[in-house]
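This briefing walks through a single protein model, topic by topic, for a reader who has the coordinates open alongside the text. Please keep the display at hand while going through the points.

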Amino acid sequence: MGCGRVGATLAQSLEGRGHSVAVIDQNPDAFRRLDQGFSGKRVTGLGFDRQTLVQAGVEDAYAFAAVSDGDNSNILAARVVRETYGVGNVVARIYDPHRAEIYQRLGIPTVATVRWTADQVLRRMLPMGATDEYRDASGQVLMAQMDVHPGWVGRPLTQLEAATGARIAYLTRYGDGVLPGPTSVLQENDVVHVLVMATDLAKVERTLTRVPPEVE
């Protein structure tokens with residue numbers, strides 16, 4: 001739902017990966033953002049209207065993204081699709097980060113656009129810290145990109161995990177994703193992505209952005 005820049009890009013990306021796609025927008029002119037070669041459905045209407053959803057094929061859908069420019073419309077559409085039609089893979093774009101956290105706790109995955117943008121800017125201004133990359137539906141478990149003090153370079157990742165209680169989900173090494181093994185060692189310029197309880201994030205951040213205790 002929503003054929004703005006995000007919706008049009010998403011629809012075309014999904015179709016490019018072999019998926020059948022339907023796009024809903026209440027403004028028929030919005031479909032001009034789709035490439036001429038886009039072969040999916042274009043449905044004019046409100047994304048939370050049942051007749052519109054049925055016309056778009058919601059009864060056979062396995063995923064739904066609400067990415068219009070209205071928080072209320074997005075969350076309402078996401079709830080209707082999940083609760084009325086039983087679509088399991090549902091996500092809503094939310095501009096208000098406080099609302100996003102509430103809906104996450106209700107089990108509705110959200111992408112908080114403003115918060116994500118602000119986090120990316122802050123990461124470039126104040127590089128030492130953590131940036132949320134993913135939260136589970138409850139909002140209790142998150143994956144964060146974590147800056148690490150240079151003093152940790154050359155140390156086994158198991159040592160980072162022991163010091164923080166977090167799990168190293170993966171590394172980005174020279175642009176490539178790397179799954180760590182039991183003997184993996186942190187290298188210079190590695191980007192560390194950790195799995196951590198939300199309540200422990202500040203503690204993990206404090207530990208990894210400081211000199212390791214053994215070499216203070």
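How many helices and strands does the protein have? There are seven helices and ten strands, in what should be read throughout as a predicted model. Of the 216 residues in the protein, 37% are buried, and among contacts with a separation of 6 or more, 51% are accounted for by residues 24 or more positions apart.

**The largest nonpolar core**

- The largest nonpolar core has 20 residues, and those touching the most other members are Leu 53, Phe 64, Ile 75, Val 81, Val 90, Ala 92 and Ile 94.
- Two or more residues of this core come from each of α2 (50–56), β3 (63–66), α3 (71–85), β4 (89–94) and α4 (97–105), with α3 giving the largest share, five residues.
- Once residues up to four places away in sequence are set aside, Leu 53 touches Ile 24, Gly 47, Phe 48, Val 58, Phe 64, Val 80, Val 81 and Tyr 85.
- A second, separate core has 17 residues, including Val 192, Leu 201, Val 204 and Leu 208.
- As general background, nonpolar side chains in soluble globular proteins tend to be buried together.

**Helices α6 and α7**

- In α7, which spans residues 201–208, the buried residues are Leu 201, Val 204 and Leu 208; because they cover an arc of only 65 degrees around the axis, they lie on the same side of α7.
- In α6, which spans residues 157–164, the buried residues include Leu 157, Leu 160 and Thr 164; seen down the axis of α6, the buried residues fall within an arc of 55 degrees, so they line one face of the helix.

**The largest pocket**

- The largest pocket holds about 690 Å³ of space and is lined by 27 residues, of which Ser 20, Val 21, Ala 22, Ala 63 and Phe 64 lie nearest its centre.
- At least two residues of the lining of the largest pocket are supplied by each of α1 (5–16), β1 (22–25), α2, β3 and β4, and α1 gives the most, with four residues.
- By residue class, the lining of the largest pocket divides into 18 nonpolar, seven polar and two charged residues.

- Leaving aside neighbours within four places in sequence, Cys 3 is in contact with Ala 8, Val 23, Ile 24, Asp 25, Ala 30, Phe 31, Arg 33 and Leu 34.
- Between Cys 3 and Gln 26 there are 9.1 Å in space, C-alpha to C-alpha, although the two are 23 residues apart in sequence.
- Pro 28 is placed in the loop between β1 and β2 (41–44) and counts as partly exposed, at 46% relative accessibility.
- Pro 28 and Gly 45 are 17 residues apart in sequence, and their C-alpha atoms are 8.6 Å apart in space.

- Tyr 174, in the loop between β8 (167–173) and β9 (176–178), has a phi near 55 degrees, a positive value in a residue other than glycine.
- At 65% relative accessibility Tyr 174 lies over the 50% cut-off, and it therefore counts as exposed.
- Asn 189, in the loop between β9 and β10 (191–197), likewise is not a glycine and has a positive phi of about 75 degrees.
- The relative accessible area of Asn 189 is 58%, and this residue is exposed.

Technical notes: Residues numbered from 1 in each chain as written. Predicted model: local features only at pLDDT ≥ 70, side-chain atom pairs only at ≥ 80, totals over all residues. Heavy atoms only, no water. Buried < 20%, exposed > 50% of the residue type's maximum accessible area, 1.4 Å probe, protein only. Arc of directions from axis to C-beta. Core = buried A, V, L, I, M, F, W, Y, C linked by side-chain atoms within 4.5 Å. Contact = heavy atoms within 4.5 Å. 1 Å grid on protein atoms, 1.4 Å probe; cavity = no way out; pocket = protein on both sides within 12 Å on 5 of 7 lines; lining within 4 Å. Points joined across faces, edges and corners; volume = space filled by probe spheres on them. Nonpolar A, V, L, I, M, F, W, Y, C, P; charged D, E, K, R; others polar.
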